[in-house]
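Morning, everyone. A few minutes on helix packing, please. Have a look at the model first.

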Amino acid sequence: MADVMSTADPTLCNGCYNKLAQRWRMIAPERERNAMDAPHPLDGNRVFDHVRQLVSLGARRTGTAAGRAAAEYVAKSFDAFGLSNVSIDRSASTQWDASAHDLCVANQQIDCFPVNHSCAASGPLGPFGTRETGLTRRLIDMNRTTHYDSLADAIVIFDVRFGSIDVDAVSRGTVSPSVRQHPKFRELLDALPDGRLTDPYRTTLAESVTTAVAAGAVGFVAVLSEYFDSNRYINEDYDGLDIPGVWVTKKEGRRIRELLADKHSTHATLHLKGLRSSVTAHSTIGVLPGRSKETILVHSHHDSVSDGAVEDASGTACVLALAEHFSSVPFEQRDRTIMFATMDTHFTGYEAHQDFVLKYIEQNFEGCKVLVNVAIEHIARAARIDEGNLVVEDSPEPRLILTNTGPRVHEIINAAIEDLPAIAVVPTDVLPSEELPTDADFFYQAGIPVISFISAPIYLYDQADTLDKVDESQLGPVSVAFAEIIRDLGLVPREDISQPTD
């Protein structure tokens with residue numbers, strides 16, 4: 001692996017690794033202290049090397065050569081670190097590819113971008129789309145009508161809004177006073193505009209399309225009304241996107257509505273063609289056996305639909321750094337087994353995650369006993385929108401550690417993140433739905449306690465997610481914090497990991 005990995009820089013971020021090494025020695029048995037070497041350094045530069053290598057592969061889409069190369073890169077790294085049982089598991093998934101798209105309104109060309117998974121979200125495999133000449137119909141603005149019967153056999157236009165969580169307001173009813181009063185929680189609230197955390201994953205897209213389809217609409221134009229000046233938003237596989245659709249910017253949406261206002265009625269021609277095909281997804285797994293088969297699972301996802309530097313080369317890079325770090329810890333000092341994994345299908349339906357849960361959690365493959373899932377995603381620079389422009393800050397995007405673990409684990413997490421800015425531990429109870437909006441959701445649904453690190457910069461699903469968006473200054477400290485969490489989880493009794501039930 002010398003061709004793809006640099007030598008670790010012995011200079012470490014703010015002494016954070018030195019603190020971790022000292023703690024390792026403190027908890028080592030007395031007879032082992034003199035002979036014990038510190039675990040492999042967690043160096044931010046080395047972590048960023050992994051990010052850079054993954055981004056250099058190109059869009060790591062499920063079923064593509066780049067996607068396969070990402071899985072192989074992780075597997076080769078696991079092998080180089082000396083992990084056991086390194087394997088690449090395969091899953092069946094479905095890829096959606098648009099080969100042509102176009103939008104014309106009142107004989108004027110409109111800049112647009114295809115809505116991922118539209119027209120064939122749940123249809124048969126094979127070609128999909130409009131006729132070669134496109135789909136020409138009346139254009140109706142859903143934002144300006146309450147008579148949905150008028151949408152029949154029409155192309156509709158509507159605004160798409162992003163979800164957000166009012167962390168302050170929601171937490172008042174669901175979070176214990178001890179959590180709300182914790183300094184890290186207050187610090188996080190101070191970093192959030194109006195106490196709200198924007199979520200670019202949760203949008204009104206699927207709801208609007210479902211309403212339009214139920215009213216008989218045959219195509220849609222989705223306006224990114226709360227976004228920066230880009231139509232390159234690449235959504236996940238939402239249910240209900242059964243008709244062809246395209247994204248347009250707020251500026252182009254305004255232009256379309258001006259054309260609509262000039263005439264009592266106008267027509268649009270929408271053109272979308274593509275292919276829905278069966279592909280093979282890949283999940284890479286490696287194991288560090290411990291003195292117990294009780295297992296701590298550490299994971300992220302390696303796939304992306306563009307450069308995917310933040311999502312999720314950054315998370316995968318941290319998983320690799322942690323695997324290398326713990327591989328240098330002697331077996332006798334690993335109280336529990338640690339399984340490391342990176343997965344595919346984050347953008348195509350999460351089939352790899354579901355197969356992983358079936359094999360390793362429900363069927364306990366090779367005696368695997370997963371106690372807790374540690375998921376790491378999105379070490380990102382903060383960003384805001386200023387008059388339509390994306391402004392990237394030299395500070396970390398506010399981040400959460402969502403967890404349904406018990407008080408003792410909360411204490412461990414809070415101690416580990418003490419020196420990290422703009423971060424807080426938040427119980428999953430604050431979420432507005434039973435779905436966990438992170439890569440850990442299928443483990444969460446399977447009843448596994450989760451510790452899920454997540455941030456949600458507005459550019460996360462955009463082609464703007466490039467190498468410069470990664471918060472390099474936080475790669476080392478975040479990795480060190482999670483090394484502390486994972487190390488201390490090895491000492492927590494099984495019954496104290498889960499959140500207490502009433």
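At what angle do helix α3 and helix α10 pack, and how far apart are their axes? First, the ground rules. This is a predicted model, with local features needing pLDDT of at least 70, side-chain atom pairs counting only at pLDDT 80 or more, and totals for chains, interfaces and linings using all residues. Residues are numbered from 1 along each chain as its sequence is written, and side-chain values use heavy atoms, without hydrogens or water.

Now the answer. α3 (residues 44-55) and α10 (residues 309-327) pack at about 135°, axes 8 Å apart. Axes are lines fitted to C-alpha atoms, for helices over the stretch in contact, and angles run from 0 to 180 degrees between N-to-C directions.

Who makes the contact (heavy atoms within 4.5 Å)? On α3, residues including Arg46, His50 and Leu54; on α10, among them Ala313, Ala317 and Glu324.

Next, α4 (residues 65-81). Its axis comes within 9 Å of that of α10, crossing at roughly 15°. α4 and α10 are therefore roughly parallel. Tyr73, Val74, Ser77, Phe78 and Phe81 of α4 meet Thr316, Leu320, Ala323, Glu324 and Ser327 of α10.

Last, α7 (residues 183-191). Lys184, Phe185, Leu188 and Leu189 are buried, meaning under 20% relative accessible area, with exposed over 50% and partly exposed in between (1.4 Å probe, protein chains only). On the other side of α7, Pro183 and Asp190 are exposed.

Technical notes:
Helix = DSSP H or I, 4+ residues; strand = E, 2+ residues; numbered from the N terminus. Contact = heavy atoms within 4.5 Å. Parallel < 35°, antiparallel > 145°, perpendicular 65-115°, else oblique.
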